[in-house]
Amino acid sequence: MLRLVVCIKQVPQVSELPWDPDTGRLQRELAEGMMNPACRFALETAFSIREKVGAKIAAITMGPPSAEEVLREAIALGADKGILLCDEKMAGADTYTTSSTLAKAIQSKIPRFDLILCGSSTSDGETAQVGPQLAEELDIPGVAYVDDIEITGNKARVRRVADQFLETMEMELPGLVTINARSYIPRYVSMTGFQAAFAEDITTYDAAALGLSPEWIGSKGAPTKVLRVYSPRMDKKNIVLTGTTKKIIGSLFSLFDDRIGGIIGKDLKTDKKAK
Amino acid sequence: MDYNPSLKSKSLRKAVRMFAEAEIGPIAHDIDRDAVFPWDVVVKMKSLNFFGLQAPKTFGGAEMDSLSYAIVIEEISRVSAALGLCLTVHNSLAVYPILRYGTDEQKKRFLPDMVKGEKIGTLCMTETSVGSDAAGVETHAGQEAGAYVLNGTKIFITNGLVCGTALVFATTDYQNPRKGSVLFIVERDTPGFIVGEKEDLCGMRANPIATIFLENCHVPEKNMIGHPGDGIRLCLKTMDAGRIGLAALATGIAQAAFEASLRYAKDRKQFQKPLSSFQTIQNYLADMATDIDAGRLLLYRACEALDSGRPFAGEAAMAKLYCSAMAMRIADKAVQIHGGYGYSKEYDVERYFRDAKATEILEGTSEIQRIVISRAVLSQRA
């Protein structure tokens with residue numbers, strides 16, 4: 001029986017969240033949480049592995065107490081257990097402290113895992129770093145942006161599309177994959193599954209239970225700091241070209257040759273000079 | 001008293017909404033326009049246990065409490081009231097009475113298929129001359145060795161065309177129909193159980209509401225729920241619980257109409273300003289939001305009363321009365337806010353308007369709800 005760990009994250013449900021212009025922080029309290037879409041694919045991939053070769057699936061997340069919801073959802077969808085890493089000291093983590101905390105929790109609480117599945121990226125952070133960093137922390141092979149996976153013995157054959165090539169790779173287990181995937185369509189929560197999920201216990205660990213020093217987790221341990229978050233301003237202006245057709249075309253190219261060149265894939269400036 | 005929805009309630013709403021918006025949303029408009037029952041989606045709903053919402057786990061159900069049940073019906077109805085109606089009639093008026101009043105043998109025989117949705121349920125009460133005066137039932141149940149022979153016509157039967165198991169209300173006694181009232185479980189393939197044409201109704205058009213003819217339909221005695229004479233009491237008790245589903249359905253329609261109005265009021269510009277900047281429209285939206293909240297609170301109170309085992313008939317009737325009238329008010333305002341577009345079949349608010357009206361009529365008209373409420377009120381000490 002394989003032991004699979006699926007890392008999931010609760011993200012804000014709306015794409016355009018109001019943010020505080022003074023601090024540059026998102027006003028997360030105004031949003032409802034949901035399971036990060038790519039994590040749904042990771043979970044569904046785990047289910048497909050379980051259907052083929054049998055597996056126990058643990059869903060793990062680091063987050064505030066409200067993140068319990070995505071673990072319940074994971075159980076409702078079919079995960080066997082949910083683990084919540086929750087501590088005020090873990091708040092404000094960057095991708096490094098997130099992956100090192102996850103690594104520590106997996107090492108100490110699920111040491112005999114075979115495969116870790118993560119979503120390829122999250123819809124809020126979009127860094128796509130946590131999965132690969134987690135593989136690094138645990139010193140196991142990791143492949144990102146995986147579309148499909150097949151497990152035979154202690155080897156996993158993974159497939160991904162990269163730069164329009166189809167890559168097939170083999171890796172030894174235990175390993176980690178981040179799932180990109182449209183190969184498995186995520187299922188919906190069934191009503192019986194939902195009821196069962198709320199009858200289950202969620203295991204919660206704080207920093208002390210994981211033996212983590214407050215210096216090394218959350219915002220305190222994070223080597224990166226967010227200096228500023230802002231929406232880029234797009235200034236638009238209307239330009240009306242007048243004159244004869246020839247003159248209009250001439251001024252069109254002199255005003256926009258960079259952009260037109262970009263679209264048709266030609267360096268118009270150099271061409272002009274060459275002539 | 002906690003007015004904040006629990007994590008469980010919030011999650012359930014999200015989970016059902018995700019399914020409803022993704023799977024029913026894209027077809028909700030078309031199935032109403034074309035008056036078709038969306039089997040493709042219903043098949044998915046079956047596998048997600050929407051047909052066994054409150055049935056016990058032993059029968060494969062989700063064993064939900066009434067509050068959860070109301071949330072599910074609300075969310076499905078918010079997207080398609082016709083499908084919400086299919087679910088509430090199946091779960092509340094067909095599965096529930098068998099579960100609550102049926103024998104163990106009947107439960108084992110009928111519930112597994114119904115809970116799986118393999119057999120969609122319905123309750124046949126209304127007749128051409130018998131509406132609110134249910135006890136005046138004219139469908140006759142004649143006795144014959146070990147069986148009853150049903151003859152009569154049932155109209156406006158929700159899920160009629162697609163039902164697999166129907167509860168049929170009849171009487172053994174023409175002279176005193178109340179005294180001889182009986183309730184049977186009848187399988188669709190029983191000879192003499194004839195499903196007629198789909199009714200051409202104003203709203204709820206995607207629900208295959210139909211007439212059902214009973215022509216010398218032989219039903220074994222063991223299919224009777226309760227005893228001869230119990231029929232009317234069992235039907236009325238079933239209706240008491242069914243009102244929660246109906247109130248939830250109405251609330252779902254109202255919610256959809258309100259959200260459409262909110263979106264439209266923010267988008268639509270007249271006199272160079274969005275509609276939402278005009279005080280009249282602001283007042284409409286404020287009234288709508290208040291009205292929906294009031295209805296929802298009445299509904300959830302009725303759910304709580306039912307789940308805690310207290311008398312709930314008055315509360316459920318209040319919720320049904322209020323929520324159905326509220327849905328009508330909200331849909332009316334929604335059409336008004338949308339103006340000419342609201343009156344157009346191209347927009348969904350006109351569907352909400354037609355669907356909302358049904359909730360004031362079916363499963364006990366608003367007039368009947370007032371009788372039920374007045375009984376509860378008058379039983380109090382003055």
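Chain B has a mean pLDDT of 96, and 100% of its residues reach 70 or more. The whole model is predicted. Its scores are ipTM 0.91 and pTM 0.90.

Start with the way the chains are divided. Chain A has two parts: domain 1 covers 2–221, and domain 2 covers 245–274. Their centres, taken over C-alpha atoms, are separated by 48 Å. Chain B is split into domain 1 (7–119), domain 2 (122–228) and domain 3 (232–378). Between the centres of domain 1 of chain B and domain 3 of chain B, again over C-alpha atoms, the separation is 20 Å.

Now turn to the sheets of chain A. One open sheet has 7 strands, and its pairing is parallel. Read across it and the order is β7-β11-β6-β1-β4-β5-β12 (chain A). Which strands stand at the edges? They are β7 (142–146) and β12 (202–205) of chain A. Each has a single partner strand, so one side of each is left without a neighbour in the sheet. From one strand to the next, the twist averages 20°.

β7(A) pairs with strand β11 (residues 175–179) of chain A in the parallel sense, over 3 bridges. Here G142(A) has L176(A) in β11(A) as its bridge partner.

Further along comes β1(A), which has β6 and β4 of chain A beside it in the strand order. With strand β6 (residues 115–119) of chain A, β1(A) runs parallel, joined by 4 bridges. V5(A) stands opposite I116(A) in β6(A). With β4(A), the pairing of β1(A) is also parallel, over 6 bridges. In this pair, C7(A) has I60(A) of β4(A) as its bridge partner. In general, strands of a sheet pair through backbone hydrogen bonds, either parallel or antiparallel.

Helices cover part of this sheet. Helix α2 (residues 68–77) of chain A lies across β1 (2–7), β4 (55–62), β5 (81–85) and β12 of chain A. Helix α2 of chain A runs at about 165° to β5(A). Helix α3 (residues 95–109) of chain A packs on the sheet too, touching β1, β4, β5 and β12 of chain A. The direction of this α3 makes about 140° with that of β4(A).

Chain A holds another open sheet, this one of 3 strands. The order is β8-β9-β10 (chain A), and the pairing is antiparallel. Its edges are β8 (148–152) and β10 (165–172) of chain A. Each of these has a single partner strand, so one side of each is left without a neighbour in the sheet. Direction ignored, neighbouring strands are turned by 20° against each other on average. β8(A) pairs with strand β9 (residues 155–162) of chain A in the antiparallel sense, over 5 bridges. One pair to look for is I149(A) with its bridge partner V158(A) in β9(A).

Next, move to chain B and its helices. Helix α3 (residues 66–79) of chain B packs against helix α4 (residues 81–101) of chain B at an angle of about 150°, and their axes are 6 Å apart. That makes α3(B) roughly antiparallel to α4(B). Which residues meet? From α3(B) come I73(B), I76(B) and S77(B). From α4(B) come A81(B), L83(B), G84(B), L87(B) and T88(B). By class, this contact has 5 nonpolar, 3 polar and no charged residues.

In chain B, 23 residues of domain 1 are in contact with 24 residues of domain 3. On the domain 1 side, α1 (7–34), α3 and α4 of chain B each supply at least two residues. Which helix gives the most to that side? It is α4(B), with 10 residues. By class, the domain 1 side has 10 nonpolar, 7 polar and 6 charged residues.

Last comes the meeting of the two chains. How many residues of chain B are in contact with chain A? There are 15, and they are in contact with 13 residues of chain A. On the side of chain B that touches chain A, the residues divide into 10 nonpolar, 2 polar and 3 charged.

Note on methods. Residues are numbered from 1 along each chain as its sequence is written. Chains are lettered from A and ligands numbered from 1 in the order in which they are written. This is a predicted model: local features need pLDDT of at least 70, side-chain atom pairs count only at pLDDT 80 or more; totals for chains, interfaces and linings use all residues. Axes are lines fitted to C-alpha atoms, for helices over the stretch in contact, and angles run from 0 to 180 degrees between N-to-C directions. Angles under 35 degrees count as roughly parallel, over 145 as roughly antiparallel, 65 to 115 as roughly perpendicular and the rest as oblique. Two residues are in contact if their C-beta atoms, placed from the backbone, lie within 7 Å. Ala, Val, Leu, Ile, Met, Phe, Trp, Tyr, Cys and Pro count as nonpolar, Asp, Glu, Lys and Arg as charged, and the others, Gly among them, as polar. Two strands pair if DSSP finds at least two bridges between them. pLDDT is the predictor's confidence in each residue, from 0 to 100. Domain bounds come from an automatic or database domain assignment.
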